[in-house]
Amino acid sequence: MEKYDAIVIGLGPGGASALYKIASYGYRVIGFDKRREIGVPIQCGEFIPQYHEYRGILPEVTDEYLEIFRKMPMNLVDNRTDRVRVVTPGGDEYEVGFDGFVIDRERFDKWIVKMAVDRGAEVRIRANVYKLEEDGTVHVRMGDRTEKYRADAVVIAAGTSSTLLDQVGLYRETDELNLGHVINYQMAGVDSDPRVVEMYTGKRWSPGAYAWIIPKGGGVANVGLGIRYDYIQDDAKDINVYMERFWHEHPVASKKLGRAQPLSYVGGLVPVGPPPKKTVSGRYISVGDAANQNIASLGAGIVTSSIGGIAAGEAIHKYLSGEAGLEYYEELWKRLLGRALEDGYRLRLVIDIITKEDRYTDEFMRIVGNERIRDLVYTRAPSNMDLLKIAMSIMK
Ligand SMILES: Cc1cc2nc3c(=O)[nH]c(=O)nc-3n(C[C@H](O)[C@H](O)[C@H](O)COP(=O)(O)OP(=O)(O)OC[C@H]3O[C@@H](n4cnc5c(N)ncnc54)[C@H](O)[C@@H]3O)c2cc1C
């Protein structure tokens, strides 16, 4: 059996960032992903805030933990946006200035893994991890073969609600209220403003979540939506029904999507629950979507998962060099992301209240107005309290 200092399971932004950081310290580390190709299929809307916007959203995160985004070459950016527009169920539109990048996630994920390899990491693809043992032994299925590897520290970054977490006693999100079911089409022929990210609310299109048009430039856009099953009130249980409606029937969006044709289709799960209780158990730690490191009010996790991965790398270094126990990881990510994840979750609870009825959403947005949409995007706690008061006053 091959022995490593560390093993990383899953090479999305969370796992790849951990792999990179661990390799940067010079440790013997190997990463496994069950996919045939890193970053493919792209399960993502590919939208991230620009660097100066993170400073507002995540003020607790210092530059060193944003290493991946500081180093990110601009040729991974397909489009720059400068506004977010929210369209209410009644068709009112609100807008806020917000600088974003629409990245090429396939190349982005590959680029992080390449940086890790350049620093000495080993990588296996088509490598499905199926069994974990307490002593850090990891069982991997690669085609017809199975192999065993062992390490002193193992990162589980295998995505939302990974069942691997159960095997080692780590928290796994299973509550349907905290799981967004999402789909995304990449479409050509979309007639939307390339500078504007659009978010659409309304139970007919996206019960318990929102729909989006994220422009990649040249008429190409990511068009998708989320649903939560507990919020569905009509007969349609299939997410594709909501997508068809949004595409062809939404009074505003269907005009922009009238000529649109699909280039690709993916579906997935997004964690929208509170930060988890347990992310360290023995030699194992959970990172990224596997650890609900996602802003619950938005379902955005590219940046936060990468920060979680870098934090995991630092914690593993302290652990392997005898400076601290692996528990340091939990302390570190909570210091960096805890407040933002808590606030995002609390804001999601406010949104849950107002999206119960479309008329509440319209009324809420009328009161919140253009000025305060920034608070929704930034997920700030003091404003959350105000937003909760507004939500409660509408319900009376
Ligand atoms: C449709 C959609 C749109 C989204 N849009 C956005 C957006 O615009 N902006 C944003 O910030 N976030 C967005 N997100 C969320 C974002 O994609 C995730 O938060 C992010 O990818 C989390 O990174 P991760 O590394 O934790 O997990 P993932 O990216 O899910 O990576 C997990 C990896 O683990 C691998 N894996 C799983 N099980 C095993 C196993 N047993 N053995 C080996 N490998 C395994 C998988 O193959 C995968 O490569 C979106 C999500 C979806 C589904």
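Author: Let's start with a term: two strands pair if DSSP finds at least two bridges between them. Here β10 and β14 pair in the antiparallel sense, over 10 bridges. Helices (H or I, at least four residues) and strands (E, at least two) are DSSP runs, numbered from the N terminus. This is a predicted model, in which local features need pLDDT of at least 70 and side-chain atom pairs count only at pLDDT 80 or more, while totals for chains, interfaces and linings use all residues. Residues are numbered from 1 along each chain as its sequence is written.

Reader: OK, so how many helices and strands are there in the protein?

Author: The protein has 11 helices and 16 strands. Its C-alpha atoms fill a box of roughly 60 × 40 × 40 Å along the principal axes. The radius of gyration (taken over C-alpha atoms; the globule rule is 2.2 Å times the number of residues to the power 0.38) is 21 Å, which agrees with the value near 21 Å for a compact globule of 396 residues.

Reader: What share of the 396 residues is buried?

Author: Buried residues make up 51% of the 396. A residue is buried if 20 or more other C-beta atoms lie within 10 Å of its own, exposed if 12 or fewer, and partly exposed in between, with C-beta atoms placed from the backbone. Contacts are another thing to read: two residues are in contact if their C-beta atoms, placed from the backbone, lie within 7 Å. Of the contacts with a separation of 6 or more, 71% are between residues 24 or more positions apart.

Reader: Which residues touch the most other members of the largest nonpolar core?

Author: A nonpolar core is a set of buried Ala, Val, Leu, Ile, Met, Phe, Trp, Tyr and Cys residues joined through C-beta atoms within 7 Å. The largest one has 124 residues, and Ala 6, Ile 9, Leu 19, Val 155, Ile 156 and Leu 225 touch the most other members. Helix α9 (residues 328–354) gives this core its largest share, 12 residues. Take Leu 225: leaving out residues up to four places away in sequence, its contacts include Val 182, Trp 205, Tyr 242, Met 243 and Phe 246.

Reader: Which strands does β1 join, and do they run parallel or antiparallel?

Author: Strand β1 (residues 2–9) runs parallel to β9 (residues 145–156), with 7 bridges. It also runs parallel to β2 (residues 29–33), with 4 bridges. For landmarks, Ala 6 stands opposite Ala 153 in β9, and Ile 9 has Phe 32 as its bridge partner in β2. Between β1 and β2 the chain crosses through helix α1 (residues 13–24), and this β-α-β crossover is right-handed (with the strands pointing away from the viewer, the path from the first strand over the helix to the second runs clockwise).

Reader: Back to β10, then. How many of its residues are buried?

Author: Of the 10 residues in β10, 7 are buried, so the strand is mostly covered. On the β14 side, Met 187 stands opposite Pro 262. β10 is also joined to β13 by 7 bridges, again running antiparallel, and there Tyr 185 has Val 223 as its bridge partner.

Reader: And why do the buried residues of α6 line one face of the helix?

Author: Look at helix α6 (residues 239–249), where Tyr 242, Met 243, Phe 246 and Trp 247 are buried. Seen down the axis, they fall within an arc of 130°, so they line one face (the arc is that of the directions from the helix axis to the C-beta atoms). They pack against β10, β12, β13 and α7. On the other side, Glu 244, His 248 and Glu 249 are exposed.
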